[in-house]
Amino acid sequence: MKVINEEHERELYKFIYDFSEKRGVKVWRIGGMPDHVHLLCSIPPKLAVADYMKLMKTESSKFMRANPHFPEWRGWAEKYSHVTVDYCTRQTRIDYIKNQKQHHARVSFEDEYRAFLRKYDFPEDTPLLGDDPV
């Protein structure tokens, strides 16, 4: 569902940035589309990725529910995807996140994610984020 409107997305990104920085997470870039968010960050070793994601999704969901600029908000998908990337490719990842809107005008999230799964040899029946397990 497309509920993060472009007019107010920076409010959400600011919330995620502040939330993350308070927990020692270095945010390199946040961006996305009306139906998903990309976050490039460095999570300190003392904080498990799953713990950070659970807390970030919970707190940002509360923020969006209380914010009148996100009236259609019902919550994040149960699942999420995270990928570890090489420090040397950080700028490439930042540019990718920066250019989400132009990128997804050409390639849908679903097509891009399926291509990613194929590239890294995930099984063809791997569910997309938000899909029910096969």
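1. Let me begin at the end of a helix: just after H5, Asp-121 has a positive phi of about 60°. Helices here are DSSP runs of H or I with at least four residues and strands are runs of E with at least two, both numbered from the N terminus. Please keep in mind that the model is predicted, so local features need pLDDT of at least 70 and side-chain atom pairs count only at pLDDT 80 or more, while totals for chains, interfaces and linings use all residues. Numbering starts from 1 along each chain as its sequence is written, and side-chain values use heavy atoms, with hydrogens and water left out.

2. Which residues of H5 are buried? In this helix, residues 109-119, they are Glu-112, Tyr-113 and Leu-117 (buried means under 20% relative accessible area, exposed over 50%, partly exposed in between, with a 1.4 Å probe and protein chains only). Seen down the helix axis, these buried residues fall within an arc of 140°, so they line one face of H5; the arc is taken from the directions from the axis to the C-beta atoms. They pack against H3 and H4, where contact means heavy atoms within 4.5 Å.

3. Further along, Asp-125 sits in the segment after H5. Asp-125 is partly exposed, at 49% relative accessible area. Its C-alpha atom is 9.9 Å from that of Arg-114, eleven residues away along the chain.

4. On a 1 Å grid over the protein atoms alone, a cavity is a set of points where a 1.4 Å probe fits but cannot get out; a pocket is an open set with protein on both sides within 12 Å along at least five of seven lines, and lining residues have an atom within 4 Å of a point.

5. Now for the second largest pocket, with a volume of about 300 Å³. Its lining has 16 residues, and those nearest the centre are Arg-10, Tyr-13, Arg-29, Ile-30 and Gly-31. Two or more lining residues come from each of helix H1 (9-22), strand E1 (26-33), helix H3 (90-98) and helix H4 (100-106). E1 gives the most, with six residues. By class, the pocket lining has six nonpolar, four polar and six charged residues.

6. The largest nonpolar core has 15 residues, and Ile-4, Leu-12, Ile-16, Tyr-52, Met-56, Met-64 and Phe-70 have the most contacts inside it. H1, E1 and helix H2 (49-66) each give two or more residues to this core. Such a core is a set of buried Ala, Val, Leu, Ile, Met, Phe, Trp, Tyr and Cys residues joined through side-chain atoms within 4.5 Å. Leaving aside neighbours within four places in sequence, the contacts of Tyr-52 include Ile-16, Phe-19 and Leu-39.

7. Is Trp-73 buried or exposed? Trp-73 is in the loop between H2 and H3, and counts as buried at 5% relative accessibility. Not counting residues up to four places away in sequence, Trp-73 touches Val-3, Ser-61, Met-64 and Arg-65. Pro-71 lies in the loop between H2 and H3, but is exposed, with a relative accessible area of 56%.

Notes
Points joined across faces, edges and corners; volume = space filled by probe spheres on them. Nonpolar A, V, L, I, M, F, W, Y, C, P; charged D, E, K, R; others polar.
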